[in-house]
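I opened the notebook this morning with a few things to look up. Here are my entries, in the order I wrote them.

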Amino acid sequence: MSYKTSDAVAATDLCKSFNGASVISNVTFAVPEGTIVGFIGPSGSGKTTLVRLMTGIHAPTSGTITFHGRTPTKLTREERQDIGYLPQQPVLFHELTVWHNLSFHASLYGVRFRRRRRLRELLDFVELGNDRNKHVSDISGGMQRRLALAGALVHDPKYLFLDEPTAGIDPILRQKFWERFRALRDDGRTLVVTTQYVGEAANCDYVAVLSEGELVLIDTPEGLRRSAFGSEIVEVTTVAPQPDALFAELAALPGVAAAPERIDPVSVRLSVDNAAEIIPTLAMWFEQRGVTLVGCRENLPDYDDVFVRIIERHRESLAGAS
């Protein structure tokens with residue numbers, strides 16, 4: 001991704017250290033307007049620090065980061081009103097009720113028009129409508145996180161920086177949140193989301209993978225799969241067991257990128273340049289040899305496998321360089 005003047009956030013050679021210990025190292029990326037960019041990485045990889053740099057909570061140790069060309073630590077009050085921020089640790093008043101906490105957030109951003117309606121709508125969205133009169137001290141940690149998300153959304157910001165918004169949230173509610181995030185994106189909003197759930201990469205327009213404080217890569221979800229495996233994957237399953245020699249012949253076919261990987265006596269996995277183009281060729285190849293197929297389909301590795309492969313490859317490169 002190259003920097004454009006329309007990018008909401010742009011960073012070049014960004015570094016951040018605390019007490020001499022490097023947390024973010026030489027990170028370069030851009031967040032295009034009107035997109036969801038997800039930052040994924042192991043615990044301690046620097047996701048939270050990166051969000052704090054983007055929102056101006058921290059200043060870089062070196063390198064540059066800008067929000068629409070402005071230094072995030074120097075944004076005006078009016079510019080900050082365009083930003084919604086959900087920190088990793090919710091900032092709430094435990095002695096106040098759920099309703100009064102959200103109302104306080106609305107006051108900070110000057111929300112007046114149809115305020116009560118807005119608060120009711122958001123509390124219903126995070127499924128806290130029936131708990132509005134409970135004190136925050138009496139609700140669970142997951143409920144507090146949902147309330148904090150409502151607080152980040154209360155002023156209808158153009159830009160959202162959400163640090164693990166779905167942590168500790170049940171799968172059904174997570175899906176509901178992502179539907180809302182995609183709707184906001186479709187309405188022209190820009191979202192930066194960190195997540196501990198690797199599968200949520202599919203909900204993003206771009207995914208950035210962090211490891212050991214470095215940005216390993218940033219790509220589309222499909223590009224991420226290709227980067228991890230170097231190609232697309234096709235699995236072929238035959239009705240009857242086949243000899244190794246037959247499957248080995250597949251390596252000579254145009255478009256097959258590597259030697260076939262045997263899964264079991266009737267199945268083989270192929271790395272190919274383009275799955276959609278080669279599947280009809282494979283079906284015909286087996287038919288010509290009198291081999292009946294059960295299936296010949298593209299295999300999409302799940303994002304857990306993609307993530308593990310990318311992180312392991314990065315760690316191996318670091319070990320080799322040391």
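**Entry: Phe67**

Leaving aside its neighbours within four places in sequence, which residues is Phe67 in contact with? I keep in mind that I am looking at a predicted model. I found Phe67 in contact with Ala8, Val9, Pro72, Leu75, Ile83, Tyr159 and Phe161, once those sequence neighbours are set aside. I placed Phe67 in strand E4, which covers residues 62-67. Its relative accessibility is 5%, so I noted Phe67 as buried. I also looked up one C-alpha separation: Phe67 and Ala10 are 57 residues apart along the chain, yet 6.8 Å separates their C-alpha atoms.

**Entry: the sheet that holds E4**

From Phe67 I moved on to the sheet. I read an open sheet of 3 strands with antiparallel pairing, in the order E2-E1-E4. At its edges I found E2 (21-31) and E4, each pairing on one side only. From one strand to the next, the twist averages 25°. I then followed E1 (residues 9-18) along E2 and found 7 bridges in the antiparallel sense. Which residue of E2 is the bridge partner of Val9? I found Val31 there. Val9 is also one of the contacts of Phe67.

I picked out the pair E3 (residues 36-40) and E8 (residues 206-211), which runs parallel over 4 bridges. Opposite Ile40 I found Val209 in E8.

**Entry: helix H1**

How many of the 8 residues of H1 are buried? I got 7 for this helix (residues 47-54), so H1 is largely enclosed by the rest of the structure. My list of the buried ones reads Lys47, Thr48, Thr49, Leu50, Val51, Leu53 and Met54. Just after H1, I came to Gly56, which takes a positive phi of about 85°.

**Entry: a hairpin**

I then looked at E11 (residues 261-264) and E12 (residues 267-272), which run antiparallel and are joined by 3 bridges. Together E11 and E12 form a hairpin, with 2 residues between them. Opposite Asp264 I found Ser267 of E12.

**Entry: cysteines**

How many disulfides does the count come to? I got 0, with a cut-off of 2.5 Å between cysteine sulfur atoms. I checked two cysteines for burial while I was there. Cys15 has a relative accessible area of 14%, which is under 20%, so Cys15 is buried. Cys204 is buried too, at 6%.

Notes:
Residues numbered from 1 in each chain as written. Predicted model: local features only at pLDDT ≥ 70, side-chain atom pairs only at ≥ 80, totals over all residues. Heavy atoms only, no water. Pairing = 2+ DSSP bridges. Buried < 20%, exposed > 50% of the residue type's maximum accessible area, 1.4 Å probe, protein only. Contact = heavy atoms within 4.5 Å. Axes fitted to C-alpha atoms, helices over the stretch in contact; angles between N-to-C directions.
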